[in-house]
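Me: I have just opened this structure for the first time. Could we go through it together, one topic at a time?

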Amino acid sequence: METSQTHSSERMSKDLSELMKEATKEVHEQAENTPFMKNFQKGQVSLQEFKLVTASLYFIYSALEEEIERNKDNPVFAPVYFPAELHRKAALEQDLEYFYGSNWRQEIPCPEATQKYVERLHYIGKNHPELLVAHAYTRYLGDLSGGQVLKKIAQKALQLPSTGEGLAFFTFDGVSNATKFKQLYRSRMNALEMDLATKKRVLEEAKKVFLLNIQVFEALQELVSKGQENGHPVQPKAELRTRSVNKSYEHGPEPGKESERTNRRHTDIMPTTPLLRWILVLSFLATTVALGLFAM
């Protein structure tokens with residue numbers, strides 16, 4: 001018994017970033033070997049699912065960043081507080097306005113599973129702020145790593161503008177060197193003071209991040225399969241509203257740019273069966289998290 005406890009203590013003496021990799025290894029391997037990850041990397045993603053994913057991410061990051069702000073001076077999180085470099089809420093707002101138009105707040109759905117994720121973030125932010133690091137590390141460093149791969153794939157597959165509209169979520173203007181920043185973040189996180197029991201709880205929370213994400217996408221799958229998005233039929237070909245770059249043409253198309261500035265129609269390149277389409281789009285978040293943790 002004593003030997004077992006000693007071995008556990010020695011293992012937990014490793015850096016927290018290494019422990020997170022070990023703790024989430026199994027779920028990472030499951031994600032890595034599933035067909036949907038490989039299919040996504042081939043560019044098999046539709047606009048409609050991408051929009052729904054972006055909407056759920058908005059609710060998740062809004063909650064995460066609200067709790068981060070609440071605990072920015074708390075020593076259990078303060079060392080890894082990097083709002084200018086990492087926060088995604090404003091970027092997601094830009095993307096949602098591009099995809100849904102100026103009334104996007106009234107258009108986007110928040111499925112029950114997304115709300116459950118949001119509630120979890122608020123709960124730990126208010127009651128167990130030491131667990132916030134599990135969510136922040138998994139999400140943000142995943143976005144910096146695997147998310148950059150997905151940005152290129154999504155831009156090509158969805159025929160999004162080369163100027164970056166619709167992909168602000170993946171753009172980190174405050175990070176000039178992703179590799180160096182991730183090293184800084186890991187060193188700050190590894191220096192957080194926490195006892196053995198707290199470390200174990202943080203690791204369990206890191207695994208819960210994956211589970212919450214899976215539940216979110218299962219709920220979105222159901223939403224798509226019912227052909228509903230916020231109570232409106234989901235069209236197989238989605239209209240994409242683009243924002244006018246030149247404000248002087250706000251009430252009319254810019255000469256020579258009408259085809260670029262008016263609504264663009266994107267044809268889904270995935271199977272028409274909702275389940276098959278969703279198996280592919282599930283990789284959006286799973287790939288981001290998995291590649292993020294294990295590509296650093």
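Me: Is Tyr-185 buried or exposed?
Reply: Tyr-185 counts as buried, because its relative accessibility is 0%. Buried means under 20% relative accessible area, exposed over 50% and partly exposed in between, with a 1.4 Å probe and protein chains only. The model is predicted: local features need pLDDT of at least 70, side-chain atom pairs count only at pLDDT 80 or more, and totals for chains, interfaces and linings use all residues. Residues are numbered from 1 along each chain as its sequence is written, and side-chain values use heavy atoms, with hydrogens and water left out.

Me: And Tyr-137, buried or exposed?
Reply: Tyr-137 is buried, with a relative accessibility of 0%.

Me: What do Tyr-137 and Tyr-185 form?
Reply: They form a stacked aromatic pair, 6.2 Å centre to centre with 25° between the planes. Rings of Phe, Tyr and Trp (its six-membered ring) pair if their centres lie within 6.5 Å; planes under 30 degrees apart count as stacked, over 60 as edge-to-face and the rest as tilted. Tyr-137 lies in helix 10 (residues 132-144) and Tyr-185 in helix 12 (residues 178-190), so the pair ties together parts 48 residues apart in sequence. Helices (H or I, at least four residues) and strands (E, at least two) are DSSP runs, numbered from the N terminus.

Me: How do helix 10 and helix 12 pack?
Reply: Their angle is about 170° and their axes are 11 Å apart. Axes are lines fitted to C-alpha atoms, for helices over the stretch in contact, and angles run from 0 to 180 degrees between N-to-C directions. The two helices are therefore roughly antiparallel to each other. Angles under 35 degrees count as roughly parallel, over 145 as roughly antiparallel, 65 to 115 as roughly perpendicular and the rest as oblique.

Me: Which residues meet there, in helix 10 and helix 12?
Reply: From helix 10, Val-133, Ala-136, Tyr-137, Leu-141 and Leu-144 meet Ala-178, Phe-181, Lys-182, Tyr-185, Arg-186 and Met-189 of helix 12; contact means heavy atoms within 4.5 Å. These residues divide into nine nonpolar, no polar and two charged. Ala, Val, Leu, Ile, Met, Phe, Trp, Tyr, Cys and Pro count as nonpolar, Asp, Glu, Lys and Arg as charged, and the others, Gly among them, as polar.

Me: What about helix 9 and helix 10: at what angle do they pack?
Reply: Helix 9 (residues 112-127) packs with helix 10 at an angle of about 130°, the axes being 9 Å apart. That makes helix 9 oblique to helix 10. Tyr-117, Leu-121, Ile-124 and Gly-125 of helix 9 meet Leu-132, His-135 and Arg-139 of helix 10.

Me: Changing topic, how many aromatic pairs does a search of the whole structure find?
Reply: The search finds 11 aromatic pairs. One of them joins Tyr-58 and Trp-104 edge-to-face, 5.1 Å centre to centre with 85° between the planes. This pair links distant parts of the chain, with Tyr-58 in helix 5 (residues 47-70) and Trp-104 in helix 8 (residues 104-107), 46 residues apart.

Me: Which residues do ring pairs link into a cluster?
Reply: The cluster consists of Tyr-61, Tyr-140, Phe-169 and Phe-170.

Me: Last one: how many helices and strands are there in the protein?
Reply: The secondary structure comes to 16 helices and four strands. Of the 296 residues of the protein, 49% count as buried.
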